[in-house]
Every structure is written in C-alpha cells, then in structure tokens.
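Trainee: I have just opened this entry and would like a guided look at it. Could we begin with the terms?

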There are 2 protein chains.
Amino acid sequence: MNLQRAGATRARRAIEIIPLTGIGEVVPGDDLAATILAGIEASGTALIAGDILVVTQKIVSKAEGRFVALDAVTPGEEALRLAAITRKDPRLVELVLRESTTILRAVPHVLITRHRLGLVMANAGIDRSNIGPGGAERALLLPEDPDRSAAGIADALAMSGPRPAVVISDSFGRPWRMGVTAVGIGAAGLPALHDRRGEVDRDGRTLEVTQVAIADLIASAAALATGEGAEGVPAVIVRNYPFEGESRPAADLNRPLAEDLFQ
Amino acid sequence: MNLQRAGATRARRAIEIIPLTGIGEVVPGDDLAATILAGIEASGTALIAGDILVVTQKIVSKAEGRFVALDAVTPGEEALRLAAITRKDPRLVELVLRESTTILRAVPHVLITRHRLGLVMANAGIDRSNIGPGGAERALLLPEDPDRSAAGIADALAMSGPRPAVVISDSFGRPWRMGVTAVGIGAAGLPALHDRRGEVDRDGRTLEVTQVAIADLIASAAALATGEGAEGVPAVIVRNYPFEGESRPAADLNRPLAEDLFQ
C-alpha cells in the first residue's frame, strides 16, 4: 500500500474489475486453469503482471469433483436430531456435520457451524441447487483445501504468462447485518490478511486499523461482477490494485473461536 | 442485475474504482459536495450517469462538525465501570454509551455496542486519532444520520450534473474473521440491500442467495482504493456497476438484534 500513501497528491489509475464471460459449465476433471485462460481470451484481455484472478468457489468445487450424491448419504443419529430441529434434509445435515468441527447454532432453517477449514458459516458452505446426471440430487462441498486450489491455479497460469495472485471467493452471511457479501476462502500470491502494525499514517500517527482483510475486500469487489456466481460470470480479474506484503493464505483470516472479540 | 444475467455471453465492460485524489483536509462547515466535486475535477474525470460516489465516514463527520472535545466530557458511573473493565479512557467510554443503545461486549481493550443507528461495532465508531486546534484531544462521532448525509451529497451534486448514487463507508471488524473490511453506513440512490427474492438463475431455479448487501460490497470495493481513509483518498467513484432496484437506505442493512441468526 505504499503506492497509495505516496500517490496521495497525484492522479492514480482506476482499479478495474474485469468480468470473465464465456466460461461455460465446469465439470469434474476439467483443467480449470485452461478453462479460465480461455475465458480470459474470450473476454478480450490477457493477464498482466500484478493481476488478481478471483474465482468463485462453485467452479473450483465442480472442477475438483466435490459432488456427493445425496442418495448415498446415510444420516447418523446426530444428523437426524439436528435435521428435526432445523427442518433440513437429514442427508444434508449429515454432510454438514462431516465437514464441520463445531456446531454453533441450530434453530429452524438455520445451521451454523465451524467448517473444518476454520470458516464459520451456514450449512458448511454446501450447495445443493445442482442437479446431476439422470436428475439425481447432488450436494457440492467446498474445495478440500482452497488455499492449495488457489496456488494450483496460479502455478498453472504461470506456465503461459505472468503468475497472477488468485483469490477463491464465496458468498457469506454475517452476524448483525442483512444480506450477503463475499469473502476469500482461498488465496495465493497476495497477503490475504495484510498486517500493517507499526505503519504510520500521513500525519505520522500509528494506524488505528492495523490488519486489513485484503482477500475479503477483493472477493467483495469481484462480487459486483459475478453476482452470486450464478449468472455466467464465475471469475474476474482485479487489475491495478497495488498490493504489497508477502503471500499469506486465506486460512489467516479465520479467527480462532476462543479469541473472538464479538462473542 | 438484469444486465449481468443478459450479458453472460457477451464481453462486458470492466467496473472501475476511480480514486479521487487531491481532496485536502476537511473541516467543520465545509461544503463537502463542493469539495468532492473539486476532487473529481482534480482527478481528471467528471460524474456520469450511473456513477456511485463512495465517501469515507471520516470526512463526512468532519464536515458535519461531529467533533467532541474530550476535556468537556464528564464520565458517569456506568462509563467509569466499563472503562475499568475495558481499560479505555472513561471519557471515550462515556461518549460510546451516549451513542449506543445496547452494550454487547466489554472485556479488556474491547467495547462492542449497538450504535443508536443500529450498527453493531467497536467503540461506537468513534475515532479519537484527531488532534484539534491547540493540541486538545478530540473524538469524532459518526454522522448524525448517514443516510441523510448521503442523500444530501447526492442532491447537492445533482445541481451540476447527473445525480450519483452515494455510499458512506466505514471500516468494520467482523466476528470470527481477522482484519477489517468496509461497510456502507449511509446510502442514497441505490438499493443498499437488494432483495432478489423470487428471481431465478439461468437454469430457472430460484436463487439461493436472495438478499445482497450491495452497499457493503460497494464500500469494500472502494476500500481497495481508499485504504483506511487515512491515505489521502477519502472518496472514490465506482463506475459501470449496473445496479437496479429502488433506492433503499443503509439502515436496511441492520439486522434487528432479536433476529440475529448467528447468536
């Protein structure tokens, strides 16, 4: 962010959020980097140094084959109990439990847990809107390791051009506020959490705000172009955002439950 | 968002986040719309139809003269008690209490309340980093009514060009996640909360995500350019974001405490 401070009195370039259109349906086993590269070309651009590629979680999960056929899921006792409370499909609840380490809230229509990745979210981020081959109901889990997925996409793209930073985004609800925004659940090549402790502002005072959730800001900016990822824009490029600091994964954004300030 | 759905197979324009540089120190009584207009010109652009102007809370509060001299604040009994717990300045705690309706958490170094505006936040959003005339310590409160402030800026700018949508942004911490992002605490001319209930996705299925916190997404996108508002970029234009829906205030984003799903 030195550019931002140094540039206070000059005109600065606009940050651009470039929607990647023309990325078709992604299926298990797809080479997602190649699919995205084709989408970048179809959108009339090419990656340049400093670009941040934002990829919505859903296409990462699809490419990684994270589907589960609901008919193959047998709910256990705890899932049946929580399904009765939440009025949700017991098979879905079983999957949520398998993906979670802690149950935080179970009331009618609401099941909030801490995902094994450390994310506190509804339904363990599982999407069940997708219908698979033959009309069988399927659920789609989060990627196994979104930080690794992000690094893999960055590495693959680096073989044909500059290595972009990559953020994998997902829609999230929040306590106390209505509506969803987006967060970064995976990141590579940029500091997902930028620690500015020790830096000073232009008056020479120590910054009040010392840790910035860069990956969440990037994911939210990208969400302006992706909608909820259901509208044919499953990836965007964020260009001209002058980040600095070492690469840190999105896992850094998970606050340990015991340290939560709001609880 | 119809543009997003209809445009899935065409290249779409990039959304731009245009930093407004050259806005100097804002002081009480300033005509903020005029100051911003000068900043827009100094940044080599002009407002066009559909633009969203994002203004950081701090300069709105400054222009509205929301300073309080800490020496003039006498802490009451409750403020003294909470100051001892939180190890904060009792005068600051007194101001927080005056600005709040509910105390949610008071532990060492942390004081979280529900602001009279409905926002759940630390220290009632009060900034005390500013030093006033003569070196006296001052605190800066949130605008009295940020939705009204946003509408006032939009109305004033409409006298010399197209009326922009306006979002007043602030940095916010979140439960369970590290680092700050930004939210919209005031809005005019766009749906701060966009209700998409009843809409369907491109497969004809009802959308899973039905309410989108547009003003928070816009504020977070803008935060990529403003930093934390301390770096000489206190306002930005978000251009080419195709929003629709009726104008709704940022107050819509406050979830009533009793309805909170995560608690």
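Mentor: Helices (H or I, at least four residues) and strands (E, at least two) are DSSP runs, numbered from the N terminus. This is a predicted model, so local features need pLDDT of at least 70 and side-chain atom pairs count only at pLDDT 80 or more, while totals for chains, interfaces and linings use all residues. Residues are numbered from 1 along each chain as its sequence is written, chains are lettered from A in the order in which they are written, and side-chain values use heavy atoms, with hydrogens and water left out.

Trainee: Where does Ile17(B) lie?

Mentor: Ile17(B) is part of strand β1 of chain B, which covers residues 15-19.

Trainee: Is Ile17(B) buried or exposed?

Mentor: Ile17(B) counts as buried because its relative accessibility is 0%. Buried means under 20% relative accessible area, exposed over 50%, and partly exposed in between (1.4 Å probe, protein chains only).

Trainee: Which residues does Ile17(B) touch?

Mentor: Leaving out residues up to four places away in sequence, Ile17(B) touches Ala14(A), Ile15(A) and Ile17(A) from chain A, and Ala221(B), Ala222(B), Ala225(B), Val236(B) and Ile237(B) from chain B. Contact means heavy atoms within 4.5 Å.

Trainee: Let us turn to sheets. In what order do β4, β5 and β6 of chain B come?

Mentor: The three strands form an open sheet in the order β4-β5-β6 (chain B), with antiparallel pairing. Its edge strands are β4 (100-107) and β6 (120-122) of chain B, each of which pairs on one side only. Two strands pair if DSSP finds at least two bridges between them.

Trainee: How many bridges join β5 to β6 in chain B?

Mentor: Strand β5 of chain B (residues 110-115) is joined to β6(B) by three bridges, and the two run antiparallel. Arg114(B), for instance, has Val120(B) as its bridge partner in β6(B).

Trainee: Which helix packs on that sheet, touching β4 and β5 of chain B?

Mentor: Helix α5 of chain B (residues 90-99) does, and its direction makes about 135° with that of β4(B). Helix α4 of chain B (residues 77-86) also lies across β4 and β5 of chain B, running at about 30° to β4(B). Axes are lines fitted to C-alpha atoms, for helices over the stretch in contact, and angles run from 0 to 180 degrees between N-to-C directions.

Trainee: At what angle do α4(B) and α5(B) pack?

Mentor: The angle is about 120°, and the axes of α4(B) and α5(B) are 8 Å apart. The two helices are therefore oblique to each other. Angles under 35 degrees count as roughly parallel, over 145 as roughly antiparallel, 65 to 115 as roughly perpendicular and the rest as oblique.

Trainee: How many residues of α5(B) are buried?

Mentor: Eight of its 10 residues are buried, which leaves α5(B) mostly covered. Among them are Leu92(B), Val93(B) and Leu95(B). The buried residues of α5(B) pack against β3 (67-69), α4, β4, β5 and β7 (138-140) of chain B.

Trainee: What about the α7 helices of chains A and B: at what angle do they cross?

Mentor: Helix α7 of chain A and helix α7 of chain B, both residues 214-226, cross at roughly 120°, and their axes come within 8 Å. That makes α7(A) oblique to α7(B). Residues of α7(A) including Leu217(A), Ile218(A) and Leu224(A) meet residues of α7(B) including Leu217(B), Ile218(B) and Leu224(B).
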